[in-house]
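Subject: The structure you asked for

Hi there,

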Amino acid sequence: MTLKIMMIMMVMMMAQTIVQQQSLTVMALEAPTEAASSIAVVMYLLYRQLGISTVIGSVVCIVTMTPLQLLIGKLMAANSKKVSECTDERLRRINEVLLGIKLIKLNAWETVFKDKISQARQQELRHLDLDSIYWTLMSK
């Protein structure tokens, strides 16, 4: 590898580390000036290695990723509400079973109620899977 490629790789690894650290910092709302200065340093180092394409790439990335993250954030909020509703429904059904366990056992309705609870759990898991997909998209 040439020295220039190694420098670019080092700067990119440093940028990735800074972005990971800054995402935690921004989430905690601590030291926003530190995030800006770190990004500025990385941008400067990349500009020295790659030239104007660094600025163009950064602008394109910011212009495309900001609305995308806002959209994914809204989808995550809506999905979170659905997860809560599904969890509440499942817990309501479990509570119903626990309160009427003698009647359920007496009439041999275990499978009916088990199926209802399993169906509620499957719906909840679908929304949780969707939530994990949204988190994956937000972190990349």
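Lys116 holds its charged end over the ring of Phe113, 5.4 Å from the ring's centre (a charge sits over a ring if NZ of Lys or CZ of Arg is within 6 Å of the ring centre and within 35 degrees of the ring normal). As for pairs of aromatic rings, the count is 0 (rings of Phe, Tyr and Trp, the last by its six-membered ring, pair if their centres lie within 6.5 Å; planes under 30 degrees apart count as stacked, over 60 as edge-to-face and the rest as tilted).

A word on where this comes from: the model is predicted, so local features need pLDDT of at least 70 and side-chain atom pairs count only at pLDDT 80 or more, while totals for chains, interfaces and linings use all residues. Residues are numbered from 1 along each chain as its sequence is written, and side-chain values use heavy atoms, with hydrogens and water left out.

Now to helix α3, which covers residues 52-99 (helices are DSSP runs of H or I with at least four residues, numbered from the N terminus). Its 48 residues should span 70 Å at 1.5 Å a residue, and the end C-alpha atoms agree with that, being 69 Å apart (the expected span is 1.5 Å times one less than the number of residues). Several residues of α3 are buried, among them Asn79, Cys86, Thr87 and Arg90 (buried means under 20% relative accessible area, exposed over 50%, and partly exposed in between, with a 1.4 Å probe and protein chains only).

Which residue forms a salt bridge with Arg90? The partner is Glu124, with the closest N and O atoms 2.5 Å apart (a salt bridge is a side-chain nitrogen of Lys or Arg within 4 Å of a carboxyl oxygen of Asp or Glu). This pair links distant parts of the chain, since Glu124 belongs to helix α5 (residues 110-139) and Arg90 to helix α3, 34 residues apart. Arg90 has a relative accessible area of 17%, so Arg90 counts as buried; Glu124 is buried too, at 4%.

The surroundings of these two are worth a look. Leaving aside neighbours within four places in sequence, Arg90 is in contact with Ile117, Ala120, Arg121 and Glu124 (contact means heavy atoms within 4.5 Å).

In total, the structure holds 7 salt bridges. Arg92 takes part in one with Glu89, at 2.6 Å from N to O, and in another with Glu96, at 3.6 Å. An α-helix has 3.6 residues a turn, so residues three or four places apart point the same way. Glu96 is partly exposed at 38%. Shared partners join Glu89, Arg92, Arg93 and Glu96 into one salt-bridge network.

Best wishes

Notes. Helix = DSSP H or I, 4+ residues; strand = E, 2+ residues; numbered from the N terminus.
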